[in-house]
Amino acid sequence: MGSSPPSLLLLLTSLLFIWETVRGESSYIIDTVGLKILPESKVQSGTKVTIRCQVSVSFSNISHLEHLFKFLRDDVQIHTANTTEDSVEYEINPARVADSGNYGCLVLVKNKRKASNIKRLDVTGLQTPILHLNNSTPYESEEFEVTCSAAEEKGSLIFNFYQTFRDGQPQWIKQLRSTNNFLETTLTLRHIGDCFLSCDYEINVIAGTSRSNSSNGIQVKVKELNITPDMTIIPNDIYEPDVVEVVCSVRVPLENIEIFLIKDRTVLKRATGKALIHRFVSKATDSGELVCKAEWRNVQKENYKTLTVKEVFSKPQLTLEPVDLFEGDTFRLNCSVKFFVPGMIDPNTFKYTFYKGAELTSASTYATVANPEHNGNYFCRAEGIRHSSALYKDSQTILVKAKVPVSNPVLSVVGGEMFLGKSFRLICHSHTGTFPIKYTLFGPNGLILNREVSRSEERAIFDVPSITKTSDLNTFLCHARNNPRSPPKIALGQQILKSTSIIEPVSKPKLTVLPGMDVTEGQTINLVCSVQTGSHPINFTWYHQESPRALASLSTNKLKESHSIYNASGKHVGNYYCASTNPANEIKRSDFVTIGVKIAGWKKALIIVFCILLLLTLALVIALKTRLLQFTRKRTGNLSVKSASTKPERLSLTQAEVIDVANATPSMMGKSVWSDHVSGSESDDQNSSILPEKSEPQYTEVQIRDADPTKAPVKQGTDTVYTEVRNVQQGVPEVADGKPVECAQLNHDNNPQPDKGQAGDQCLNSENMTETESNTDVHTDDQAGGTCDPAPDC
């Protein structure tokens with residue numbers, strides 16, 4: 001019991017060590033890979049060669065490490081080995097030239113690999129080949145078998161065969177490649193006599209091509225094979241239809257020999273054995289070269305002779321009239337021979353026969369009308385009898401096919417559409433007719449164009465200048481002709497109208513304004529655009545020169561259309577035009593039309609009323625001013641003055657008063673100046689009566705005359721100055737015109753009251769004074785009120 005714990009401890013320690021070893025990670029590395037060639041890198045053929053590959057690997061925690069060895073020659077794998085050993089050998093025993101090359105070794109350990117260096121092995125020395133023949137005495141051109149072998153060699157070999165004559169150089173005969181170390185083939189010798197056959201071989205390696213020594217030479221004796229056939233032709237002088245016999249024969253009796261009779265590479269007869277005999281009735285076509293050929297195995301011999309068969313009469317000739325044949329024409333076939341051999345044929349038995357599938361007639365001539373039923377192949381036969389044998393010969397075959405007359409042509413426009421005013425293309429086409437067909441187009445202004453059509457896919461197309469009227473199409477004509485002996489067929493230009501869409505460009509449009517070019521505001525303006533000519537549909541477009549866009553556009557089948565502008569106003573004033581176009585794609589523009597818009601009537605009336613009211617207002621103002629002026633004058637005329645006889649100076653305003661008035665209102669010159677002289681009048685005239693009530697002021701007009709030209713210059717002009725004068729006479733009535741009925745007493749103190757008559761005189765004097773003195777012309781300056789010149793009028 002005391003010793004068990006140490007034993008248990010040792011066991012546990014061992015197990016722990018094993019566990020740690022198991023748990024440890026494995027690792028390895030390929031140190032080196034070496035290659036050796038033994039005994040050396042260059043050896044003779046037949047030597048044993050060992051290729052050794054050795055690897056060095058460092059590792060840990062790995063037991064039984066395996067190595068995969070791969071041996072390579074010229075990068076091609078030749079041997080593999082999987083072992084735990086660190087070296088492997090590959091033996092080549094015996095080594096041959098085919099084993100020469102670049103050797104290497106590749107070692108794989110798990111997922112790692114390493115290659116050795118490349119080493120070269122050179123094996124020198126080729127085995128001398130051996131030649132065998134199965135027949136050393138062949139006939140000329142006879143095939144015999146030969147075998148060339150090199151039993152110890154390996155690889156792909158190239159064999160060559162040679163023929164050597166006595167005292168000569170070897171002549172190459174044949175070369176073949178073999179995957180084995182021997183080759184069997186056949187040879188054929190054509191040279192008659194003795195010769196020697198030999199062979200050698202070549203092998204291709206990385207270093208180059210190696211050639212072996214020549215094999216043993218074998219003597220061969222080539223024998224002549226006399227199987228050239230003899231040929232006999234009987235009779236010597238041959239006339240058709242003599243029976244001819246041809247005989248071909250050979251002198252050497254051989255088994256399986258074949259004889260052929262050939263003419264123009266056609267075998268006439270074949271026979272096996274010594275001879276061939278061929279009999280036939282001769283014809284002129286049998287003349288030619290005959291070949292008689294004999295064949296044994298692969299040996300051939302031949303002989304030639306020419307066979308001539310003379311004609312008794314020539315081959316008949318068939319002719320057709322006319323050559324250019326059209327349906328409906330009468331044609332004739334003639335059969336004839338060029339010569340006869342006198343005395344060979346009985347003329348009474350000689351005849352001609354026409355055939356078209358079947359026999360037609362026995363004559364030298366055949367005539368009929370050409371039509372589709374009579375189209376076909378015709379030939380004739382000439383027949384005669386010689387030596388009780390019928391002899392016939394056939395002529396060549398003639399194909400009779402009547403041409404189809406051209407049909408009436410049709411005129412049409414390319415595309416089915418044309419534009420007046422533009423060039424166009426016309427097609428003239430006949431639906432039937434044998435080619436070639438010649439077309440001629442006639443047009444206006446002496447137009448003549450020609451076209452010839454030779455194939456069905458062609459068309460006679462003419463480039464035609466432009467026309468301006470549809471009626472010009474009626475002047476076109478087209479002639480079609482394929483038979484010069486017949487009149488042409490004609491197509492009229494009226495056909496164009498039926499099959500063509502004729503588009504006439506629009507004429508220049510005209511723009512008309514309704515109701516007129518001067519319209520009133522609020523009215524409707526109708527812009528009528530019209531053209532004289534043009535194909536439908538026609539597109540009209542209206543424009544206002546002030547607007548960047550078109551006003552309206554309309555397509556119609558009419559020659560005119562209109563566009564309405566409602567509620568005309570000032571913005572519609574300006575230049576207008578319209579444009580028209582149609583499928584001819586020619587845009588035409590009208591001339592400009594200027595439209596003016598007048599003011600509306602109610603606006604005119606309003607303006608007139610306003611003007612009338614303005615004029616009436618002015619007239620009323622003028623009238624009021626005029627009335628006021630007249631009223632002022634009248635009141636001035638009614639002023640009360642003193643007696644003109646005693647105090648004339650009181651009948652008118654004094655110069656000083658005028659000047660005072662002028663100076664009092666200098667800024668009112670030329671206007672009515674109001675001056676109150678009531679107090680002055682009372683002081684001047686103490687005897688004047690006092691009015692019972694306040695009376696209206698009276699005014700008088702004072703004319704300011706021009707100054708005397710001899711005096712100092714004053715401002716030119718005459719201003720009317722009004723002054724107020726008190727009416728000092730009481731109780732003097734006025735009449736409608738403002739004049740007093742009685743004159744007032746001018747000086748109550750000095751002059752007694754006159755009687756009625758005297759009063760009338762004084763009144764008259766007073767009126768005169770009023771006109772002369774009261775209307776005193778005062779010369780004064782407009783601005784400063786200058787002093788009146790001492791003139792008589794002052």
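Q: What counts as a contact here, and which residues does Cys 53 touch beyond its neighbours in sequence?
A: Contact means heavy atoms within 4.5 Å. This is a predicted model. Leaving aside neighbours within four places in sequence, Cys 53 is in contact with Val 33, Gly 34, Leu 35, Phe 69, Phe 71, Asp 86, Ser 87, Val 88, Cys 105 and Val 107.

Q: Which residues have the most contacts inside the largest nonpolar core?
A: In soluble globular proteins, nonpolar side chains tend to be buried together. Here the largest such core has 26 residues. Cys 53 is among those with the most contacts inside it, along with Val 49, Ile 51, Phe 69, Ile 92, Val 107 and Leu 121.

Q: Which strands supply at least two residues each to this core?
A: Strand 1 (27-38), strand 3 (49-60) and strand 4 (67-73) do, and so do strand 6, strand 7 and strand 9 (119-124).

Q: How many salt bridges does the structure hold?
A: Side chains of opposite charge can pair when their charged atoms come close. The structure holds 27 salt bridges. One of them joins Lys 154 to Asp 99, with the closest N and O atoms 2.9 Å apart.

Q: Where do Lys 154 and Asp 99 lie?
A: Both are in loops. Lys 154 lies between strand 11 (143-149) and strand 12 (157-164), and Asp 99 between strand 6 (87-92) and strand 7 (101-109), so the pair ties together parts 55 residues apart in sequence.

Q: Is Lys 154 buried, partly exposed or exposed, and what about Asp 99?
A: Lys 154 is partly exposed, at 34% relative accessible area. Asp 99 counts as buried, at 5%. The pair also belongs to a network of salt bridges that links Arg 73, Asp 99 and Lys 154.

Q: What does the salt bridge between Arg 297 and Glu 142 tie together?
A: The closest N and O atoms of Arg 297 and Glu 142 are 2.4 Å apart. Arg 297 sits in the loop between strand 24 (288-296) and strand 25 (299-307), and Glu 142 in the loop between strand 10 (130-133) and strand 11, so the pair ties together parts 155 residues apart in sequence. Arg 297 is exposed, with 57% relative accessible area. Glu 142 is buried, with 4%.

Q: Over how many bridges do strand 20 and strand 23 pair?
A: Strand 20 (residues 243-249) pairs with strand 23 over 7 bridges. Glu 245 stands opposite Arg 279 in strand 23.

Q: Which residue meets Asp 230 in a salt bridge?
A: Arg 251 does, at 3.4 Å from N to O. Arg 251 is in the loop between strand 20 and strand 21 (258-263), while Asp 230 is in strand 18, 21 residues apart. Arg 251 is exposed, at 62% relative accessible area. Asp 230 counts as partly exposed, at 30%.

Q: Where does pLDDT stay under 50?
A: Residues 640-794 stay under 50, and the model has 229 contacts beyond four places in sequence for them. The mean pLDDT of the protein chain is 79, with 77% of its residues at 70 or more.

How values were computed: Residues are numbered from 1 along each chain as its sequence is written. This is a predicted model: local features need pLDDT of at least 70, side-chain atom pairs count only at pLDDT 80 or more; totals for chains, interfaces and linings use all residues. Side-chain values use heavy atoms; hydrogens and water are left out. pLDDT is the predictor's confidence in each residue, from 0 to 100. Two strands pair if DSSP finds at least two bridges between them. Helices (H or I, at least four residues) and strands (E, at least two) are DSSP runs, numbered from the N terminus. A salt bridge is a side-chain nitrogen of Lys or Arg within 4 Å of a carboxyl oxygen of Asp or Glu. Buried means under 20% relative accessible area, exposed over 50%, partly exposed in between (1.4 Å probe, protein chains only). A nonpolar core is a set of buried Ala, Val, Leu, Ile, Met, Phe, Trp, Tyr and Cys residues joined through side-chain atoms within 4.5 Å.
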